[in-house]
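Please walk me through this structure in plain terms.

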Amino acid sequence: MSSKNYHILIVDDDTEFHQQIRYAFRRQFLFSGAVNEQQLFQKLEEESDFDLLLLDLVLDDTEAKKGLDLIPQVVSQYPELPVIIVTGDRSIDTVVTAMKLGAKNFLVKDDFDFDYWEQRFTEVIEGSKLKQENRELRAEVDRRRALENEAYPFIGESPQIKEIKRILKLVSEEPDVTVLITGETGTGKEVAARYLHAHGARSKGAFQAVNLSAIQDTLLESTLFGHKKGAFTGASRDMEGYFSQANHGILMLDEIGDIDQNIQIKLLRFLETKLIRPVGSDQDIHLDVQVVTATHRDLSAAVQQGRFRADLFQRLKAMVIELPPLRARRDDIPLLLGHYFQEPDLSKVMTEGALEAMLEYSWIGNIRELKNAVSYAQLRARIQDKKLIDERCLPVEILNSEPIIPVVMQGNPAGGEMGAAPAASPASPKNIDEEHALIDLDRIEKLLIQKNKVKKDVAIAIGLENTDNLRYRIKKHFDKHPHLFANFPTISQSYRRIVKL
Amino acid sequence: MRIVLLVEGGRRAPQALFTQCAEWGIELQRINLEQDDWTNELEKAYGLMLMLPTWGANAYLSPVALWQQYLQKAAPDIRLIMASFQSDFQHSNHLDILRLTDYSTSWWEQCQLVGHMEELPPLIGVDLSEKLSRFFAGHGQDSIVAVLSRIRLVVQMASRELSKMDTPYDEIYRDLVEPAELAQKWREWRNRWINYYPLFEHTPIATRLKQIAKQTDGVEAWMAAGGKDEEPLRDGSILQVLNEVRTRLQQIENQYVVQKLSHTYR
């Protein structure tokens, strides 16, 4: 930006000085002038685009330094306008007083030096603009954070949710305690974490949420802790990890039960020392981050099975918040529907039959599933040109709200219908992890059939962001439970590269 | 014989003073403050005697504070003797000229070295340290430096335009030099100089003021013509003189004005 664009207001009773300064800096700055206090405030009222005020201290024939009185007035009324004192008085007392009152610099007329003065004018203007921009950016960040938290409202008036909110508020007053949020998938663990962030001492800091299961194991360490340039192939520059980005804020680690032993050790080290070490670095970095973890897994069982470190588990469960599944707080379903339909009076958007079906549905995917169902129903209603959403607009699994149990596809799987009764379970699940995988795969299998194998639609129906996440989810199931896939031919066919039976 | 330098201060010291000093083993040596070699005499001097009050610009003046400040740095181990006809002035270094016979050789021994002298009680005559502050005061009508500063500002801006920006001098003269009315400002400077200069004839700054007076003579014609001549501005001679004058004035201010200057960028 050319300094010519900067507009400077000179306040000096010596009009000759105005002319001389205008002449000397005519190529660099635009000038306006005032010779006394009255004209100064008149100019400031009339024009708001001044970038700098050059203020003389003595503004009449007396020796009184009226300019000193004007500094605080200008600073309080026009805080964005920096003031430089330009005067003949060079006593140290005056300099100190002027600077204490808020002047940004002090120039003595007798010391006039074109280059030096131009530099000071520009520095003060740009320094002030930088501060102003910083303030605006900070305000914007705060505004966006508030909006972000508003975008994840913690909806619910059921006794369980009221109690959880109360606990979260209490916990939010402890900015260093590690919080573990458990609950089925889609129960709103991130929403609860954001609620904690919004109401706590760290609300001005960042909130970073990362789904650990969505990140490849090989990239997880550098994603979390950052890396130095050259730390590994493709590390072409230094990169901050989620921990650094969440400094002074909250880092939510979702699906904590899915991380491997190496990351568990590093996470434990951070929780104990507040230190991280980026990949490829020989320096530790101290960070001030509150860690909130979440999982739908039973970590106690994982500890017993030796898949999760007991010492880390002990650290994580300093404060455990368990979110109930939606089916355990059906009273909140109308509230959630009102929120997602953006219409509290549900009779204006759906029929009683549709509402009843939604109230009775088991919502195994919890709130995420409900949200997707609302989007789906709205779209179906538009397609069917219906003013109110009725049962026919609802996803088929809601209409057929039988308990979901694993299915074994027999015969031609592609010809099977959603909701067709499964023949039998392939075998009793060995453990809760396998049971979960079975339920999840069964659901994906059904949806693949229902959505004509359009993976994107399946991902959306499950509440995943994209097909990569769906593929990764299937891969994880396959890596751990390959034997289950014999029962899910549609999945196996759709993901041939992963499922190698 | 011990040598004591004598500043007569615009009046003739009585012969009796010389005679009495000789009896005490003191040789009084008059010094000419307008010549800059008098400072060499300080090295071998036992003391410096001021005839008070001094006389200049048709007024009695008191330069003691300025001398005290000067000697405390330049020659702290000599004695500053204040000789006057002021019998009621009580100070260990005061010599009452009307009662010379009351003093003995031992009196000189008990005189304080200037490096140990505390502030002085008021003496007859205008306090020149106060006048010197006014000389430098930034905005007041009395300030000689303020006028010079305004002249120098214009000359500095004009010189820069001419040498660095290649702006035609016609334009510079029309837009900057002529409106500044340099001839009038120079007269104002001269008038103020004439008012101040005689006041400091018997002070340690007299030598520097004499040098400044000589230097400003060199720009007199250019200033009197209102800065019409381009050449002295182009060759930098005018600005050089003004800068040197400013430097000398700053030296004086730094040395003698109690409230020191603040040079924000040096």
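The buried residues of helix α7 of chain B are B:L182, B:W186 and B:W189. Here a residue is called buried if 20 or more other C-beta atoms lie within 10 Å of its own, exposed if 12 or fewer, and partly exposed in between, with C-beta atoms placed from the backbone. These three cover an arc of only 55° around the axis, which puts them on the same side of α7(B); the arc is that of the directions from the helix axis to the C-beta atoms. An α-helix has 3.6 residues a turn, so residues three or four places apart point the same way. On the other side of α7(B), B:Q184, B:N191 and B:I194 are exposed. The cover over the buried residues of α7(B) includes α5 (144–163), α6 (169–180) and α9 (220–224) of chain B.

This is a predicted model, in which local features need pLDDT of at least 70 and side-chain atom pairs count only at pLDDT 80 or more, while totals for chains, interfaces and linings use all residues. Residues are numbered from 1 along each chain as its sequence is written, and chains are lettered from A and ligands numbered from 1 in the order in which they are written.

Helix α7(B) has 15 residues (182–196), which at 1.5 Å a residue should span 21 Å; the end C-alpha atoms are 21 Å apart, which agrees. The expected span is 1.5 Å times one less than the number of residues. Helices (H or I, at least four residues) and strands (E, at least two) are DSSP runs, numbered from the N terminus.

Helix α8(B) can be read in the same manner. The 12 residues of α8(B) (206–217) should span 16 Å, and the end C-alpha atoms are 17 Å apart, which agrees. Its buried residues are B:A206, B:L209 and B:I212. Seen down the axis of α8(B), they fall within an arc of 115°, so they line one face of the helix. That face packs against α11 (237–256) of chain B.

Next come the strands of chain B. Strand β1 (2–7) and strand β2 (26–30) of chain B run parallel and are joined by 5 bridges; two strands pair if DSSP finds at least two bridges between them. Within this pair, B:L5 stands opposite B:Q29. Together with helix α1 (15–23) of chain B, β1(B) and β2(B) make a right-handed β-α-β unit. Right-handed means that, with the strands pointing away from the viewer, the path from the first strand over the helix to the second runs clockwise.

Strand β3 (47–52) of chain B holds B:L50. With 26 C-beta neighbours inside 10 Å, B:L50 counts as buried. B:V7 lies 43 residues from B:L50 along the chain, yet their C-alpha atoms are separated by 5.0 Å. Leaving aside neighbours within four places in sequence, the contacts of B:L50 (C-beta atoms, placed from the backbone, within 7 Å) include B:V7, B:P63, B:W67 and B:M82.

Chain B as a whole has 11 helices and 8 strands. Of its 266 residues, 35% are buried.

In chain A, 5 strands form an open sheet with parallel pairing, in the order β7-β8-β11-β6-β12. β7 (207–211) and β12 (319–322) of chain A stand at the edges, each with a single partner strand, so one side of each is left without a neighbour in the sheet. Inside the order, β6 (179–182) and β11 (290–295) of chain A pair in the parallel sense over 4 bridges, and A:I181 stands opposite A:A294 in β11(A).

Conventions:
Contact = placed C-beta atoms within 7 Å.
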